[in-house]
Amino acid sequence: MAYLDSPIGVFDSGIGGLTVLKGLIEHLPSERWIYLGDTARLPYGNKSSETIRNYTLKNLKFLTQFKCKAFVIACNSASTQFNDPFFEEVPVFNVIDPGIKAALSLGLDKRIGILGTKATIQSQVYTKKLQAAHYTGEIFSQACPLFVPLVEEGLFEDPITDLVISKYLSEMKKVKIESLILGCTHYPLLKKSILDFFANNFAASDQDPYQINLINSAFYLSDMIKKKNLVKNHHSQKTQNLPIEIMTTDDYRNVKDLTLKILQGHATCFETVDIESHNSSS
């Protein structure tokens, strides 16, 4: 059917959602993609629920002009404020539900950590969904508001980043969490620094190196999209070599370099857009 050739629209508050897009490209290589990063209003995580929902609705409305067959809210803060399965009759997927599925796949009784923006942690959405799924393990939550600006500045591995990670995650390290949900799509870009923090400085008497499982929801998100019969046959011609449309609401100095670094060779074209003007004229 013709609609299967339509793109899937993905949006985030900034460039962090590109980590979600990269996973989707790998699992759904035959699809076309449009990405919107609302960099002018970044970050979402320290704003009110009403403001975040308002931004989310405007972003979805903006993406409707591209006749998308599905939307992915690649922002945990926005996902907490939009629970509807459709927007103007187009299916909507969030990043929280596949994250929960990925966590549950590791067992129901682990010591699990949850990192997120203030908005995500205050919503307790991960804790509530885990407990609703009969999760019996200990749950430790931590808001990490400085992670997003570090990522947007490209400070993935930096002494400043190490200090901030230590400040936020020391308690989780003390209790030896076994799994960690990165409840913000910016945070996977700090993966190496986070893993190094947990691996370093443990006593030599420990028989085994301390390792944690970082929750990766890309497979489960892709599977959810597949189950809605929204993807083309994977044996059909791949379209991943087509330019991925990257739109941002503010073209700050390093957005292109960071985008190319995250997507690692996937062709892209860039455009700065004005969401407010579009929504007021539509």
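Phenylalanine 66 is partly exposed, with a relative accessible area of 22%, where buried denotes under 20% relative accessible area, exposed over 50% and partly exposed the range in between (1.4 Å probe, protein chains only). The model is a predicted one, in which local features need pLDDT of at least 70 and side-chain atom pairs count only at pLDDT 80 or more, while totals for chains, interfaces and linings use all residues. Residues are numbered from 1 along each chain as its sequence is written, and side-chain values use heavy atoms, with hydrogens and water left out.

The ring of phenylalanine 66 takes part in an aromatic pair. Rings of Phe, Tyr and Trp (for Trp, its six-membered ring) are taken to pair if their centres lie within 6.5 Å; planes under 30 degrees apart count as stacked, over 60 as edge-to-face and the rest as tilted. The structure holds 8 aromatic pairs. In one of these, the ring centres of phenylalanine 62 and phenylalanine 66 are 5.9 Å apart and the planes stand at 65°, so the arrangement is edge-to-face. Phenylalanine 62 is buried, at a relative accessible area of 4%. Phenylalanine 219 and tyrosine 220 also form an edge-to-face pair, because their planes meet at 85° with the ring centres 5.3 Å apart. Both residues are partly exposed: the relative accessible area is 46% for phenylalanine 219 and 23% for tyrosine 220.

A charge is assigned to a ring if NZ of Lys or CZ of Arg is within 6 Å of the ring centre and within 35 degrees of the ring normal. Arginine 41 lies over the face of tyrosine 55, at 4.0 Å from the ring centre. Likewise, lysine 173 places its charged end over the ring of phenylalanine 197, 4.4 Å from the centre of that ring.

Nonpolar cores were defined as sets of buried Ala, Val, Leu, Ile, Met, Phe, Trp, Tyr and Cys residues joined through side-chain atoms within 4.5 Å. The largest nonpolar core comprises 53 residues, of which Val72, Phe147, Leu180, Phe198 and Ile225 touch the most other members. A second, separate core has 22 residues, including Cys68, Phe71, Met247 and Val273. With contact taken as heavy atoms within 4.5 Å, and residues up to four places away in sequence not counted, the partners of leucine 180 include Gly113, Ile114, Leu115, Met172, Ile194 and Phe198.

Secondary structure was assigned from DSSP runs numbered from the N terminus, with helices (H or I) of at least four residues and strands (E) of at least two. Two strands pair if DSSP finds at least two bridges between them. An open sheet of 4 strands has the order S7-S6-S8-S9, with parallel pairing. Its edge strands, each pairing on one side only, are S7 (139-143) and S9 (213-214). Strand S6 (residues 112-116) pairs with S7 in the parallel sense over 5 bridges, and glycine 116 has alanine 143 in S7 as its bridge partner. Serine 179 is placed in strand S8 (residues 179-183) and counts as buried, at 3% relative accessibility. Leaving aside neighbours within four places in sequence, the contacts of serine 179 include Leu106, Lys110, Arg111, Ile112 and Gly113, together with Asn213 and Ile215.

Several backbone features occur in loops. Most residues other than glycine have a negative phi, and most peptide bonds are trans. The peptide bond from leucine 42 to proline 43 is cis, with omega near -5°; proline 43 lies in the loop between strand S2 (33-37) and helix H2 (49-63). Glutamate 88 has a positive phi, near 50°, and lies in the loop between strand S4 (86-87) and strand S5 (90-94). This glutamate 88 is partly exposed, with a relative accessible area of 46%. For glutamine 124, phi is also positive, near 55°, and its place is in the loop between helix H5 (118-123) and helix H6 (125-132). Glutamine 124 is partly exposed at 44% relative accessibility.

With a disulfide defined as a pair of cysteine sulfur atoms within 2.5 Å, the count comes to 0 disulfides. The sulfur of cysteine 68 is 14 Å from the closest cysteine sulfur, that of cysteine 269, which is too far for a bond. Cysteine 68 is buried, at 7% relative accessible area. Cysteine 75 is likewise in no disulfide, the nearest cysteine sulfur being that of cysteine 184, 6.6 Å away; cysteine 75 counts as buried at 4% relative accessibility.
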